[in-house]
Amino acid sequence: MQRKIDVTKLRNIGLMAHIDAGKTTVTERILYFTGKVHKIGEVHDGAATMDWMKQERERGITITSAATTTYWRGHRINIIDTPGHVDFTAEVERSLRVLDGAVALFCAVGGVEPQSETVWRQAEHYRVPRIAFINKMDRTGADFARVVEEIRNQLGANAVPVVIPIGAEADFQGVIDLVDMKAIYYDDVPGGAVIREEEIPADMVDAAHAARALMIERASELDDSLMEKFLNDELPGRDELVAAIRAATIAGRFIPVLCGAAFKNKGVRRLLDAIVDYLPSPVDLPPVIGAHREENDEIVRYPNDNSPLAALAFKVQADKHMGKLTYVRVYSGVLHVGDTVLNSTRGKSQRVGRLFEMHANHRQPVETLHAGDVGAVVGLADTRTGDTVCSSDRPIVLESIEFPSPVIGVAVAPETRADRDKLSHALQRLAEEDPTFTVRSNDETGEVVISGMGELHLEIILDRLRREFNVGVKSGRPQVAYRETILSAVDYEYRHVKQTGGRGQYAHIVFHIAPNKPGGGFQFEDRITGGKITREYLRATERGILDAMAKGSYAGFPMVDIVVTVYDGSMHEVDSSEQAFRTCGMMGFRAACNQAGLALLEPMMSVEVVAPEDYTGAVTGSLASKRGKIVSLDRKGNAAVLRARVPLAEMFGYASELRNITSGRGNFTMQFERYEAVPYAIAEEIVAARQEAVGTR
């Protein structure tokens, strides 16, 4: 039976980090210490509760964000464990959109790593208050102070320790709690349940007082009474200090830093206390703001049960037994089983069949989801990620979730005729689940091309097709998602005139096209004066240009980063129509692009390689041979850290190559950075190969 709880005692939090920082291990300890599970599941044993997919357990990585609910000190904590691998960045993006707070994990050895920066920027975008937990303090090379400094310098965060470690590496014994000024020791016994509180060791008293003074100083910057006490050398009370840290954390001006070794059960309970003490409840944050679908008026919804229903669908999951599970965050009002609700994004009414509180892949049926709750719904068949679910009589549309475009594709085909229909159905289900996974048919080649964020992403998709959906599927070589753009600005005039027996077609536009800045996308500007072309015909012209951009005339790839300004033209009172202007826009734009000159763009990846220093030369040479540009070379402990910008087309199979040249001791991470022009000679080869492939079909 669901337990209704005061919304001020609710915490919706996520765990986010670079791969291998220990997110799932920390979550497993949280579940154990809060009594949610009675046996700790280990990632390396393939038994982690939150990593429930077969692929996750085999690979020891988190692929899909999993939600669970647990309790600590009378508070309900809804936790979402997010992936650390950049290929699954959509899972982090959609989770952060609906979270009230986050725990950012950092490895005490690795510090701030590439995906740490990515998820931190995502959290900044959604203004999610954070606390930091420096994990793996028992590992060789662990350095708490260095990681705190990296968080400050590389992430621009006001990172302030609220605990400091006692020892490090094999000598890591516990922490000094700077709020209570107590030493907390963790005895190495099975289960790690023995905690001893003692006085601060004599050799650490000065360091503890200095760290506490810094904590009070930073916390008092948003609290006048605390600042006054600080300036007068008065000691603040515990409650006053906790309240000040909490207020500064929620305002995004203070990042409390804790540490521990989750695998050895050290520091997790102190982290739970910090989650309750410093991270916000739904009422601590500004109310959610949406718009009216028709009138576009701003609407505010407050996080209480008496407000009209407003919920955001942040994840869709295919389920063998239930059909489709839609994960929702309820921002206001109450969602009941049997309710008829409005999907205001799509203008469709739907009936709530069943409601669940989730625990990874296990479900606890409930009758209601209240304001602030995170849960799953069965019955919302037409709902997609980012859709708003609300009451029919008080509609609202909440801000949706933006996802990056896929950068890599692969052609797939069914192995047998019987697999053909199953493949189509399975791909549709997977595309509904994952907004960064797209499926399209190539009209010229007849191929079905699936696209995603990286090789691992597509590998997992193909594996799921075979295992979950029992579809025999063949796949081709990975294909890079190239783009096209123009090289220069031109003015162009195009007149579309077609006379037939009856009514003719007439459209006339004069326009300017120019390259936009990289990543600037498509912009359409209306500079028509005197009503020479109506607004409806201009919209039709823009649709025609978008039709042309979907398939560029250089190699047939989508076009990006172009500004089109229409500043003159004419229309005919009888022969002009929206279709005529749409055709005029499409054909005129293509002709103008050919005059401006076309370039092929390719995705450039930000690559970070970590390897022993002895292999620096071999790694540098291998990246250079892939048209890579070395951006920086640093040292971290005994390892060299190379950062480079490399075309995605050159990076296929790099994992095995790196293993060979570093004797298995190097690893790398890679994420999309931006599109850049392909060198002319290589572009011509790509275009010729594409034309040959089309010609042989």
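Me: What does "partly exposed" mean here, in terms of relative accessible area?
Reply: Partly exposed is the range between buried, under 20% relative accessible area, and exposed, over 50%. The model is a predicted one.

Me: OK, so where does arginine 643 fall, and why?
Reply: Arginine 643 has 23% relative accessibility, so it counts as partly exposed.

Me: Which residue does arginine 643 form a salt bridge with?
Reply: Aspartate 634, with the closest N and O atoms 2.8 Å apart. Aspartate 634 is partly exposed too, at 36%.

Me: How many salt bridges does the structure hold?
Reply: There are 37. One of them pairs lysine 348 with aspartate 382, at 3.8 Å between the closest N and O atoms. Lysine 348 is in strand β18 and aspartate 382 is in the loop between β22 and β23, so this pair ties together parts 34 residues apart in sequence.

Me: And aspartate 419 with lysine 422, what is the N to O distance there?
Reply: That salt bridge comes in at 3.9 Å. Both residues belong to helix α10, where being three residues apart separates them by about one helical turn.

Me: Is aspartate 419 buried or exposed?
Reply: Buried, with a relative accessible area of 8%. Lysine 422 is partly exposed at 37%.

Me: Which residues are linked in a network of salt bridges?
Reply: Arg645, Glu673, Arg674 and Glu676.

Me: Change of topic. Where is tyrosine 680 found?
Reply: In helix α16, which covers residues 680-695. Tyrosine 680 counts as exposed, at 62% relative accessibility.

Me: How far apart in space are tyrosine 680 and threonine 383?
Reply: They are 44 Å apart, C-alpha to C-alpha, and 297 residues apart in sequence.

Conventions
Residues numbered from 1 in each chain as written. Predicted model: local features only at pLDDT ≥ 70, side-chain atom pairs only at ≥ 80, totals over all residues. Heavy atoms only, no water. Helix = DSSP H or I, 4+ residues; strand = E, 2+ residues; numbered from the N terminus. Buried < 20%, exposed > 50% of the residue type's maximum accessible area, 1.4 Å probe, protein only. Salt bridge = Lys/Arg side-chain N within 4 Å of Asp/Glu carboxyl O.
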